[in-house]
Amino acid sequence: MATSTNVRMRALIYTRVSLDAREGRSTTEQEAECRAWATREGWTVTRVITETGSASSYARSTRARTRWTDVTTAIASGDHDILLTWEASRATRQLDEYAQLRALCAAHDVLWGYSGTIYDLTDRGDRFRTGLDTLLSEDESARMSERIRRAVRARAREGRPHGKLPYGYRREYDPTTGHLLRQVPDETTAPVVRDIYARVIAGDTLMAIANDLTDTGVTPPRPPSSRHDRPQAWLSITVRRIAMSPTYAGRRTHQGQVIGPAAWPAIVDEDTWQQAVAILSAPGRRHPSPTTVKYLLTGIARCGPCGQPLKHFRNRNRWGTYACGQRGCYAVAITAPQLDNHVNGFMTALLAAHADQLHALADGTPSTEATEATDELEALRSRLAGFVAEATAGRLSPATLSSIEADLAPQIAAAEARVRATLVPSVLRGLDLDAPDPWGMLDLAQARRFIRDLIDITILPAGKGNWGRRTLDEERVRITPRW
């Protein structure tokens, strides 16, 4: 252990405050104590490096410190004789990082002072003492991380809120203790969330919803900083995130998985949420962008050989063609007006021939398949919640819980997909099945939505000797209902 001397040493001060407000003193207080120490000893403070961040190996990258490299560079520069920190944990909470610091200080004859004691890292006893302090800091960091994970699991098991406030809700706190009492739908923003779900299910595009919300002056979640003179605009990705979130169906998630009911009221029912998820997760939804579609079957009809969605092409201002544009294929082309008329006729006949079956779908009565799929999903979620409860109580290790979660996650995702597959197609809810011509009452967007939800269309090549023929041949068109 080094002792203080009258040598006028050059002191490098490093102060760090953790993002956990419960941990330690402010950087100002740390610097003041280190400067007072230097003054008492007659040392010159040559540099102060200050930052906010975690020195723990458990910190997320967004919370980790960023200026430790400046400290090690300063030590190696030869411009300093002693490194001063408030305590050992301000420098590091990791043994491997401590080993690097120890070697660096020893190589450049730099002492380390903390908690009122100076250590010479070329001395065996000082290396043992500082290494032990770092080991204790690392252990405390591990215990702190474990306590936090247990608390998070406990909140998840009980369905309590965690993290940032979701758009559409507000939180009520105890005026005396400041503790969270409840999370409830916000009177102003909850109706916006309901409108988003209603419009997604009605077939509106995410961009159209975002633009309308912006145009009507609805403040988006996390608006741009007031320092910038930019308009507060909604983004389609924000609308999608809200429509896909189980939070609004009153479901609690843990590590990305729904594990049970939440302690807060739902803004929409689970069926509505599942409908929105099914719509936004539909294969080929983004091929092409809905805002640019002008033709009935663009991006819906698919090429038989390669399975890619067909595009619409204009032939020298005469007629349009649906064709495969996939490089290496180009196997299918068919006249667009003829295929549109054929599909329109098919849909008109389909609605007439299956009116009773469609009425049964539209009345919302759950089928046996839907009930079984829902029961399976709830059973899987209940199993996961049970394991989380065991881990929270300390009867299950975090590693075991992580392994179980990795095993159950794909099963839950598959069960959710089966539930969505059994849901009533949302287009049926807005369709007047008793009208003389229900299909003829739909606009282009509604018709496309109905086709995409209820049938699959595959176009086969014209056949040997007829390559390039675009005229309609019904044998080339395969239409398969999905229900």
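In this predicted model, in which local features need pLDDT of at least 70, side-chain atom pairs count only at pLDDT 80 or more, and totals for chains, interfaces and linings use all residues, the axes of helix H8 (residues 236–244) and helix H9 (residues 270–280) come within 8 Å and cross at roughly 135 degrees. Residues are numbered from 1 along each chain as its sequence is written, and side-chain values use heavy atoms, with hydrogens and water left out. Helices (H or I, at least four residues) and strands (E, at least two) are DSSP runs, numbered from the N terminus, while axes are lines fitted to C-alpha atoms, for helices over the stretch in contact, with angles that run from 0 to 180 degrees between N-to-C directions. H8 and H9 are therefore oblique to each other, given that angles under 35 degrees count as roughly parallel, over 145 as roughly antiparallel, 65 to 115 as roughly perpendicular and the rest as oblique. In this pair, Arg240, Ala243 and Met244 of H8 meet Trp273, Ala276, Val277 and Leu280 of H9, where contact means heavy atoms within 4.5 Å. The residues of the contact of H8 with H9 comprise 6 nonpolar, no polar and 1 charged; Ala, Val, Leu, Ile, Met, Phe, Trp, Tyr, Cys and Pro count as nonpolar, Asp, Glu, Lys and Arg as charged, and the others, Gly among them, as polar.

H8 also packs with helix H6 (residues 190–202), at an angle of about 95 degrees and with the axes 10 Å apart, which makes H6 roughly perpendicular to H8. On the H6 side the contact is made by Val193, Ile196, Tyr197 and Val200, and on the H8 side by Val239, Ile242, Ala243 and Met244. Sorted by class, the contact of H6 with H8 has 8 nonpolar, no polar and no charged residues.

An open sheet is formed by 5 strands in the order E2-E1-E3-E4-E5, with mixed pairing; two strands pair if DSSP finds at least two bridges between them. Strand E2 (44–52) and strand E5 (117–119) are the edge strands, each pairing on one side only, and neighbouring strands of this sheet are turned by 20 degrees against each other on average, direction ignored. Strand E4 (residues 111–114) pairs with E5 in the antiparallel sense over 3 bridges, and Trp112 has Tyr119 in E5 as its bridge partner. Helix H1 (residues 27–41) packs on the sheet, touching strand E1 (10–17), E2, strand E3 (82–85), E4 and E5, and its direction makes about 160 degrees with that of E1.

Asp109, in the loop between helix H4 (95–107) and E4, has a phi near 55 degrees and counts as exposed at 62% relative accessibility, where buried means under 20% relative accessible area, exposed over 50% and partly exposed in between (1.4 Å probe, protein chains only). Ser115, in the loop between E4 and E5, has a positive phi of about 55 degrees and, at 53% relative accessibility, likewise counts as exposed.

Strand E6 (residues 169–173) and strand E7 (residues 180–185) run antiparallel and are joined by 5 bridges, with Tyr173 standing opposite Leu180 in E7. The hairpin of E6 and E7 has 6 residues between the strands, and in this hairpin Gly178 takes a positive phi near 80 degrees.

Helix H12 (residues 368–392) has 25 residues and should span 36 Å at 1.5 Å a residue, which agrees with the 36 Å between its end C-alpha atoms; the expected span is 1.5 Å times one less than the number of residues. Among the buried residues of H12 are Ala370, Leu377, Arg381 and Val388, and just after H12, Gly394 takes a positive phi of about 85 degrees.
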